[in-house]
Amino acid sequence: MKIVIAEYRGFCFGVERAIKKIEKLLHGNEQINYSIGPPIHNPQTIEKLRNEGLRIVNRLEDIEKGRLIVRAHGLSPELINQARARNIEIVDTTCPFVKKVQERACLLNKDGYTIIVVGEKAHPEVQSIIGVTSGNCYVVEKPADLDRLNLTNNKKIGVLAQTTQSNRNFQLITDRLISKNPSKDIEIFNTICQATATRQEEARAIAGRVDLVIVLGGRISANTKRLAKICRDIGTDVHHIETAGEIEPSWFERKNSVGLVTGTSTPEWIIKETINRLEKY
Ligand code: SF4
């Protein structure tokens, strides 16, 4: 069976940077290190960090004494300020690309724009954008969501994207926004990060030339889920797995080729295990 492995794989720049910082802190001194929610969306890496001492909590109130690590896709500034007020040390591992979106959102807010963020409302990054704009923004997931927005009071609209959005979805939404609001001053900032865009393009290309795609990465990772959707939309069979152990031999019956694409938070050791397993078929 032919195996096509994505060239762009393993941690992206932002995840690698965050993990390195966290591991340094965990091995550094006696402080207890906390994260509100998982610092990245890969359960196997999180398990490893937990074993090294990271404590993952749901609320600020769960932190007694120690240090709060701000995760790669950010935290709301309100929460960070509350932590500071409680004398909790903050270590920020927010990816610089996410920071850029937050800064852009702040500027648009200051300049009086109505802000639209293309993304998933519950995602930590989008929550951080809602936070930096004090809630002055709409979150839109799909083109039809635009119909429920009240944009009558403002001539100026600024549009941003969650860094892990799909370029196609962003394009569809911005096209519809422009056609529905011809008299508005609409500023569009495609803030989808390059690592996301490159992997999406490569996943689309691979899905077009194989019989089956294995998407490897966290089931709750926005980035990885989107890769699986892109491949499915091409019409190719897709299995989204987190570890090599989930692979079933029956998947390869009557298949001549398999593609392997990975999310931006999938660690190299899981990728290697998966490649080894695939090579056995
Ligand atoms: S996916 Fe992009 S924005 Fe997110 S951590 Fe990686 S490099 Fe940063």
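This is a predicted model: local features need pLDDT of at least 70, side-chain atom pairs count only at pLDDT 80 or more; totals for chains, interfaces and linings use all residues.
**Notebook: helix packing and aromatic pairs**

Residues are numbered from 1 along each chain as its sequence is written, and side-chain values use heavy atoms, with hydrogens and water left out.

Helix α1 covers residues 13-28 and helix α2 residues 43-51, and I read a packing angle of about 20° with the axes 10 Å apart. That makes α1 roughly parallel to α2, the term being kept for angles under 35 degrees, with over 145 roughly antiparallel, 65 to 115 roughly perpendicular and the rest oblique. I listed the contact (heavy atoms within 4.5 Å) as I19, I22, E23 and L26 of α1 with T45, K48 and L49 of α2. These residues divide into 4 nonpolar, 1 polar and 2 charged.

I then turned to helix α4 (residues 96-110) and helix α5 (residues 124-132), which pack at about 30° with their axes 9 Å apart. That makes α4 roughly parallel to α5, and I noted their crossing as right-handed. On the α4 side the contact is made by V98, V101, Q102, A105, C106 and N109, and on the α5 side by E125, S128, I129 and V132.

Next I checked the rings, which pair if their centres lie within 6.5 Å and count as stacked with planes under 30 degrees apart, edge-to-face over 60 and tilted for the rest; the count came to 2 aromatic pairs. F13 and F97 form an edge-to-face pair, 5.8 Å centre to centre with 65° between the planes. Since F13 lies in helix α1 and F97 in helix α4, this pair ties together parts that are 84 residues apart in sequence. I recorded F13 as partly exposed at 48% relative accessibility (buried is under 20%, exposed over 50%, partly exposed in between, with a 1.4 Å probe and protein chains only), and F97 is also partly exposed, at 38%.

For F252 and Y281 I found ring centres 4.6 Å apart and planes at 35°, so the pair is tilted. F252 sits in the loop between β11 (237-241) and β12 (257-262), and Y281 in the segment after α9 (268-279). I noted F252 as buried at 9% relative accessibility, whereas Y281, at 32%, counts as partly exposed.

Technical notes: Axes are lines fitted to C-alpha atoms, for helices over the stretch in contact, and angles run from 0 to 180 degrees between N-to-C directions. Helices (H or I, at least four residues) and strands (E, at least two) are DSSP runs, numbered from the N terminus. Ala, Val, Leu, Ile, Met, Phe, Trp, Tyr, Cys and Pro count as nonpolar, Asp, Glu, Lys and Arg as charged, and the others, Gly among them, as polar. A crossing is left-handed if the near helix is turned anticlockwise from the far one by less than a right angle, and right-handed if clockwise. Rings of Phe, Tyr and Trp (its six-membered ring) pair if their centres lie within 6.5 Å; planes under 30 degrees apart count as stacked, over 60 as edge-to-face and the rest as tilted.
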